[in-house]
Amino acid sequence: MTLNEILPFVSTAVMAAFTVFVLQRFAVRRAPHFLFWGLGLAMFGAGSFAEAYLALAWNRWVFFVWYLFGAALNAGWIGHGTVYLLSRRRWVHGLTVVLIIGSLVAAGLMFQAMGRLDDSKFVLGQPISEQYRAIMPAVSAGGTVRLTTPFFNIYGLVTLVGGALWSAYLFWRKRVLPNRVIANVLIAAGALSIGFASTLTRLGNGNYLYLGELVAAMLMFAGFLLAARPQPGEAQAAAAPAPAKS
Amino acid sequence: MARKLPPDKTRIPAGSVLFERVIPLLLIGMAILTVVFIVIAAGVLLGFVPFR
């Protein structure tokens, strides 16, 4: 096996551990942000596994999982967890309804595209992210699901990276909880690394995609573990007012 | 004799190069990168960024 065939399996293992960790936190604390993070991370893991599988063999239903969960939905769901973390207002519930309906529509459109996949275009050994455009129908020929992907990804990028950067900035400005500052920087860096690798792939250089995914999985997991680590007197520190400006 | 207090882990240490220089630069750099990615994604959506 080559390194590019092994890396997605390693990413899948990291994401599986990460998902279990987050869903355990949800089981204990019942906070909705853990649920959405956990579901989004599970989608990310499913996408990584599908990608690893498709590097070894073709299966159209694995392709379905790769595109729907790995390419389209996961970023939006992870990012929505961050929205719940930062705000519990009523409009967030409305956004949840939009996200669920949007995801169901994307799934329906993906089912619609399944009958029009061109299996003969699959090239064994080539990353699926580099060849999926040849396999999937064009938007005008039944591949409407491709139009939905940028919406989920932009929403995920803005909420996940934006939320992490904003949280890091708030703690940094208050001069408290250095572990949370570093944790949020790691989470943002992880999310950006996958964005960077995906962009390079779509611009024609797919060499760094699998490495980018593994780096993303490790950085985000490290950030989450660091943020979850209890600090002595954390509650008081988080409530401390920002230092007065001189 | 005054007893030496352990460092307070809940507050950002004063004069730290990591928190005074590196973290602010990272935050600014990543914020710029985020905007670049959003523009690229929007460009793909609107069709003015040619993707393979």
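Q: Let's start with one residue: is A:Arg175 buried, partly exposed or exposed?
A: This is a predicted model, so we go by its atoms. A:Arg175 has 18 C-beta neighbours inside 10 Å, and therefore counts as partly exposed. You'll find A:Arg175 in the loop between H6 and H7 of chain A.

Q: How many residues does H1(B) have, and how far apart are its end C-alpha atoms?
A: H1(B) covers 30 residues, 17-46, and its end C-alpha atoms are 42 Å apart. At 1.5 Å a residue, the helix should span 44 Å, so the two agree.

Q: Where does H1(B) bend?
A: Look at B:Ile23: the helix bends there by about 30 degrees. A proline, B:Pro24, follows within four residues.

Q: Which residues of H1(B) are buried?
A: First, the general idea: an α-helix has 3.6 residues a turn, so residues three or four places apart point the same way. In H1(B), the buried ones are B:Ile23, B:Leu27, B:Met30, B:Thr34, B:Phe37 and B:Ala41.

Q: What does A:Ala188 touch?
A: In soluble globular proteins, nonpolar side chains tend to be buried together. Here the largest nonpolar core has 79 residues, and A:Ala188 is among those with the most contacts inside it, along with A:Val161 and A:Ala191. Leaving out residues up to four places away in sequence, A:Ala188 touches A:Val161, A:Ala164, A:Leu165 and B:Met30.

Q: How many residues does each chain give to the contact?
A: Chain A brings 30 residues and chain B brings 21 residues. On the chain A side, H6(A) gives the largest share, 11 residues. By class, that side has 20 nonpolar, seven polar and three charged residues.

Q: Where in chain A is confidence lowest, and where is it highest?
A: The average pLDDT of chain A is 88, and 92% of the residues score at least 70. Confidence is lowest in H9(A), at a mean of 52, and highest in helix H4 (residues 90-114), at 96. Be careful with residues 238-246 of chain A, where the pLDDT is below 50.

Key:
Residues numbered from 1 in each chain as written. Chains lettered and ligands numbered in written order. Predicted model: local features only at pLDDT ≥ 70, side-chain atom pairs only at ≥ 80, totals over all residues. Contact = placed C-beta atoms within 7 Å. Helix = DSSP H or I, 4+ residues; strand = E, 2+ residues; numbered from the N terminus. Nonpolar A, V, L, I, M, F, W, Y, C, P; charged D, E, K, R; others polar. pLDDT = per-residue confidence, 0-100. Core = buried A, V, L, I, M, F, W, Y, C linked by C-beta atoms within 7 Å. Buried ≥ 20, exposed ≤ 12 C-beta atoms within 10 Å, placed from the backbone. Expected span 1.5 Å × (residues − 1). Bend = angle between axes of the 7 residues up to and from the residue.
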